[in-house]
Amino acid sequence: NQGLARGYLLQENVLTSIDFPGATETSVTDISDDGQIIGNYVDTGGALRGFLFPDRRYTPIDIPDADYIQALGIGGSGRLVGFYVDRELVGHGFVWEQSIVTTFDHPNASFNTALYDMNSRDDLVGFHDGREGNSFAVRGGRPRSLKLPSFALDARITGINDQRQMVGEYFDETGRFFGFFWRKPAYDRNLGDDTRSLEGESLARDDRRSRDSTKRPWFLELP
């Protein structure tokens, strides 16, 4: 790999390079609990493609008619999610498992849908660009959208674990970026004891908005 980017695995203080064969650049985006790695590479024609790296073997992610493929998150049993662009320049989310591709398009998307991550319970998180453009989570095949606070622009959920805790990012009106964390509250007076919503908190230590009771909490409804 003679390009600018190289992937790596750090395990027990041992650094191992990950370079897709014949690629000009390689990046690693996620690793599963059982050590399966996914990432992306740039081929000699300049196209971005995804790959799976189980048992130290490179498996390319091929999607018919896709000009651009990005592998972003991996769940259990080698299932992974990501984003691809077709020849009509429309973006689609996808789930890939053993060379079988399932496309996911959010019903409110104008042109683009992306899936960022999944857990071993088959919950998905992603983003679409529709009129109500925002992040969403999918549970049981049904998408649920993030209710954005007024100060959060372009908020995106980028990760989910098996406890359905979520992380993501947003920027405010000044252009500053912040991370956020979602957790299920034990009780919320606004929604009642039986709520299944998730409360979000800013992770930025100097972000005064995270302590502003008029702008918290955030909620993501997952029935």
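What is the order of the strands in the open sheet of four strands, and how do they pair? The order is β7-β8-β9-β10, and the pairing is antiparallel. The model is predicted: local features need pLDDT of at least 70, side-chain atom pairs count only at pLDDT 80 or more, and totals for chains, interfaces and linings use all residues. Residues are numbered from 1 along each chain as its sequence is written, and side-chain values use heavy atoms, with hydrogens and water left out.

**Sheet**

- Strands (E, at least two residues) and helices (H or I, at least four) are DSSP runs, numbered from the N terminus.
- Two strands count as paired if DSSP finds at least two bridges between them.
- β9 and β10 run antiparallel and are joined by five bridges.
- Phe 94 has Thr 103 in β10 as its bridge partner.

**Salt bridges**

- The whole structure contains six salt bridges, each defined as a side-chain nitrogen of Lys or Arg within 4 Å of a carboxyl oxygen of Asp or Glu.
- Arg 6 and Asp 19 form one of them, with an N to O distance of 2.7 Å.
- Arg 6 is in the segment before β1 (7–11) and Asp 19 is in the loop between β2 (14–18) and β3 (25–31), so this pair ties together parts 13 residues apart in sequence.
- In the pair of Asp 65 and Arg 87, the closest N and O atoms are 3.6 Å apart.
- Asp 65 sits in the loop between β6 (59–61) and β7 (66–74), and Arg 87 in the loop between β8 (80–86) and β9 (91–97), 22 residues apart.
- Arg 79 and Glu 97 form a salt bridge with closest N and O atoms 3.2 Å apart.
- Arg 79 lies in the loop between β7 and β8 and Glu 97 in strand β9, so the pair ties together parts 18 residues apart in sequence.
- A network of salt bridges links Arg 79, Glu 97 and Asp 122.

**Accessibility of the paired residues**

- Buried means under 20% relative accessible area, exposed over 50%, and partly exposed in between (1.4 Å probe, protein chains only).
- Asp 19 is buried at 18%.
- Asp 65 is partly exposed at 47%, and Arg 87 is exposed at 59%.
- Glu 97 is partly exposed at 31%.
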